[in-house]
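Dear colleague,

Please find below the structure that I am handing over to you. My notes on what was found in it follow directly after.

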Amino acid sequence: MPAPLRQPEPQRIQQDLQDLALLRDPDLAGWSRPTFTGVERESRRWVAARMRATSLDVHVDGIGNLIGVLPGQGAGGKAIVVGSHTDTVEGGGRFDGTVGVLGALEAVRLLEESGIKLRHDLRVVDYFNEEPNRFGLSCLGSRALASNLSPDHLATVDEDGATLAEALQSQGLDPADIPACAWSANEVLASLELHIEQGPILEQQGAGLGVVTAIAGIARLRAVFKGRRDHAGTRPMALRQDAGCAAAGTVLAIEAIGSSGADAVGTVGEIRFTPEATNVVSEEALLTAEFRSSDAGWFGLAREQLEQAVERESRRRGVHGSVLWLPPEPPTAMDPRLSELIGRSIAGLGHDFLRLYSGAGHDAVQLARLGPAGMIFLPSKDGRSHTPEEWTDLADIALGVHALAASIVQIDGWEP
Ligand code: GLV
Ligand code: MN
Ligand code: MN
């Protein structure tokens, strides 16, 4: 008869969430810990200390993943992997990613206090740089684990022409160390990520927890428009080569393309005009955007329509437009057998759950390349996320941590 699993202690989770929330850039809105900043490095030192205090053996790999290991009692080489990220978008909230890392630490405490000894190693990971960085790339840490951080990714340039490889070097990370970070497919028994939903469905349906079926594919791009700088008062409208207007037309096209698929979305997250002056016709404009969908086939169409829109909006204004696509990420299914197990674990605790699709991207996409991957979602108040208003009730976080710990115990019983 296995030992019963203890209930989480919400105040411990709350304390950790509060302490980590103190580590934020005071000059930015909300709770900001962007990668490649001092505050993000400081927060990861804090997480490492919390991992050690939770009796994990901690190391940092060559890309910067923080990995805490709870050694198993010896059941072959495979490990159970849990975790998420603690970097944030600028002006983000306190829950995106952090509940998955701090919740995993509470799950470890529950296992220990319940006297449950796992057969398999448990790896708790704070994945490096999950949110898109200034190169437009996300999930650097989990990509490296899954051998999906390629020379193409490393050659991606930021607006100033610096490469991602150079940015990593400036942080004391050596791109040559990246291949050695890779985990092999036969060392991961299963991976689990606890995360807030970041959307409205669980709250609308009154469901306490969600089990994720699949995660959206993402295609990101940068479009640059080169026109001609002119005087805003004297240059007649018909004679302008206004790069800003070509970009603006493309923004509306992206809205239309994003509205053309069942669960597709299209977003322009950034737009810049050069110069930024009220009385000057823009010489150059830059926008970064992304499309997401659960339908792999839809992306080909979206790509074609976007390129046509850039061409159309540029040509009619005598502007030169170009598009750079970043390496895309396909839609990713979570493992059905693992999702069943998670559902049974939640039901075993006496709770209901909803199966749902994730429009948000997650490290679980990369982990799915290495073995069965699954996710547990928690309700987000008003479906808000990537904003300081992001909120998830402590009771729901505790429920999710309990489900995470119960799922870990069940996975440990799987035959390798
Ligand atoms: C991550 O938060 C994403 O979905 O962009
Ligand atoms: Mn996020
Ligand atoms: Mn996240």
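Histidine 195 is buried, its relative accessible area being 0%. Please bear in mind that this is a predicted model.

Histidine 195 belongs to a metal site. The manganese ion (ligand 3) is held by the NE2 atoms of His85 and His195 and by an OD atom of Asp96, at 2.0 to 2.2 Å. Along the chain, the spacing of these donors reads H-x10-D-x98-H. Aspartate 96 sits in the loop between β3 (79-84) and α3 (98-113), while histidine 195 is in strand β5 (residues 188-196), so the pair ties together parts that are 99 residues apart in sequence.

Which residue bridges the manganese ions, ligand 2 and ligand 3? Aspartate 96 does so, and the ions lie 3.6 Å apart. Aspartate 96 counts as buried because its relative accessibility is 5%, under the 20% limit. Glutamate 131 also has a relative accessibility of 5% and counts as buried.

The surroundings of ligand 1 consist of Glu130, Glu131, Arg220, Arg292, Ala360, Gly361 and His386. By type, this shell comprises four charged residues, two polar and one nonpolar.

- An oxygen atom of ligand 1 lies 2.7 Å from a side-chain N or O atom of arginine 292.
- An oxygen atom of ligand 1 lies 2.7 Å from a polar backbone atom of glycine 361.
- An oxygen atom of ligand 1 lies 3.0 Å from a side-chain N or O atom of histidine 386.

On its own, ligand 1 has 190 Å² of accessible area, of which the protein covers 93%.

Finally, a note on glycine 172, which is located in the loop between α6 (164-170) and β5. Is glycine 172 buried or exposed? Its relative accessibility is 67%, so glycine 172 counts as exposed. Between glycine 172 and glycine 62 there are 9.8 Å in space, C-alpha to C-alpha, although the two are 110 residues apart in sequence.

With kind regards

Definitions and conventions: Residues are numbered from 1 along each chain as its sequence is written. Chains are lettered from A and ligands numbered from 1 in the order in which they are written. This is a predicted model: local features need pLDDT of at least 70, side-chain atom pairs count only at pLDDT 80 or more; totals for chains, interfaces and linings use all residues. Side-chain values use heavy atoms; hydrogens and water are left out. A residue is near a molecule or strand if one of its heavy atoms lies within 4 Å of it. A polar contact is a pair of N or O atoms within 3.5 Å; within protein, one must be able to donate a hydrogen and the other to accept it, and residues adjacent in sequence count only if both atoms are side-chain atoms. Accessible areas come from the Shrake-Rupley method with a 1.4 Å probe; for residues, only the protein chains shown count as cover. Ala, Val, Leu, Ile, Met, Phe, Trp, Tyr, Cys and Pro count as nonpolar, Asp, Glu, Lys and Arg as charged, and the others, Gly among them, as polar. Donors are N, O and S atoms within 2.8 Å of the metal (3.2 Å for Na, K and Ca); water is not among the atoms, so sites may look incomplete. Helices (H or I, at least four residues) and strands (E, at least two) are DSSP runs, numbered from the N terminus. Buried means under 20% relative accessible area, exposed over 50%, partly exposed in between (1.4 Å probe, protein chains only).
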